[in-house]
Amino acid sequence: SLHDALPIYFVPAVKKAIEMHKSEIAAIVSDKEEPSFENTILAYDNSGELLERVYLLFSNVESMAFNDEVAEASNVITPLISAHSNEIMLNEALFGRIKYVYDRRDSLGLDEAQMRLVTEIYKDFERSGANLDEAAKAELKEVNSAVSQLQLRFSQNLIKETAAWTLVIKDKADLEGLSADFIQDAAQRARQAGQEGKWIVGLDNPSVMPFLATSANRENRIKVLDAY
């Protein structure tokens with residue numbers, strides 16, 4: 001299944017996308033032309049599209065279908081993304097070009113949207129430590145790496161705890177208001193949990209949201225909402 005193959009599919013996809021992003025950044029940095037909105041700001045803003053798409057897809061799988069295989073892939077992907085982000089945001093040559101455009105922004109004839117893009121990109125780099133000295137940058141990289149690992153552990157713990165809680169419905173009358181599709185899904189969840197003939201509601205969005213929106217059983221809605 002796709003889930004079983006996640007380490008096979010997503011990890012190399014992220015690695016490939018990171019390499020492509022690095023090439024795009026290198027092209028910006030090595031440009032011999034004077035830094036401009038088009039060859040620096042816009043080029044940077046347009047870079048990393050493949051990485052963004054791949055990582056967004058993986059993040060959706062991670063939040064909606066978490067299992068041991070997803071966790072294995074995440075344990076590899078998260079530090080890769082963190083290190084790549086550090087490398088870009090603390091890239092002196094890249095920041096130098098961005099700062100060159102930023103310092104001259106009022107004389108470039110930029111429209112409102114372009115001016116905002118220049119300003120926000122500069123602020124992102126500044127807030128990420130681009131103006132720090134080398135010792136502080138090295139320390140920041142270590143801090144960012146540690147934070148990334150803690151965020152990963154927290155998100156995985158949260159997903160596991162969310163998946164562990166369920167509401168088991170035993171009385172068919174308690175299904176009032178719920179759609180046929182929802183009831184079918186809840187019955188399938190129960191079968192997979194070894195509780196044939198019952199219905200299970202989880203805290204994942206495909207289960208919790210329609211249940212809270214349509215269930216006629218107020219007491220059960222309170223239980224689910226409190227747990228959520």
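The questions and answers below concern a predicted model and take up a pocket, a helix pair and one serine.

Me: Which helix gives the most to the lining of the largest pocket?
Reply: The largest pocket holds about 790 Å³ of space, and of the 25 residues that line this pocket, the closest to its centre are I159, T162, A163, L203 and D204. At least two lining residues each come from α3 (49-64), α7 (134-164), α8 (180-192) and β2 (199-202). With 6 residues, the helix that gives the most to this lining is α7.

Me: How many of the residues in the contact of α3 with α4 are nonpolar?
Reply: The axes of α3 and α4 lie 11 Å apart at an angle of about 145°, and the crossing of α3 past α4 is left-handed. From α3, the residues L51, Y55, F58, V61 and E62 meet V70, A73, S74, I77, I81 and H84 of α4. Divided by class, the residues of this contact comprise 1 charged, 2 polar and, as the number asked for, 8 nonpolar.

Me: Is S82 buried or exposed?
Reply: S82 belongs to helix α4, which spans residues 68-89, and, leaving aside residues up to four places away in sequence, S82 touches N144, S145 and S148. The relative accessible area of S82 is 14%, and the cut-off for a buried residue is under 20%. Because 14% falls under that cut-off, S82 is classed as buried.

Key:
Residues numbered from 1 in each chain as written. Predicted model: local features only at pLDDT ≥ 70, side-chain atom pairs only at ≥ 80, totals over all residues. Heavy atoms only, no water. Helix = DSSP H or I, 4+ residues; strand = E, 2+ residues; numbered from the N terminus. Buried < 20%, exposed > 50% of the residue type's maximum accessible area, 1.4 Å probe, protein only. Contact = heavy atoms within 4.5 Å. 1 Å grid on protein atoms, 1.4 Å probe; cavity = no way out; pocket = protein on both sides within 12 Å on 5 of 7 lines; lining within 4 Å. Points joined across faces, edges and corners; volume = space filled by probe spheres on them. Axes fitted to C-alpha atoms, helices over the stretch in contact; angles between N-to-C directions. Left-handed = near helix turned anticlockwise from the far one by under 90°. Nonpolar A, V, L, I, M, F, W, Y, C, P; charged D, E, K, R; others polar.
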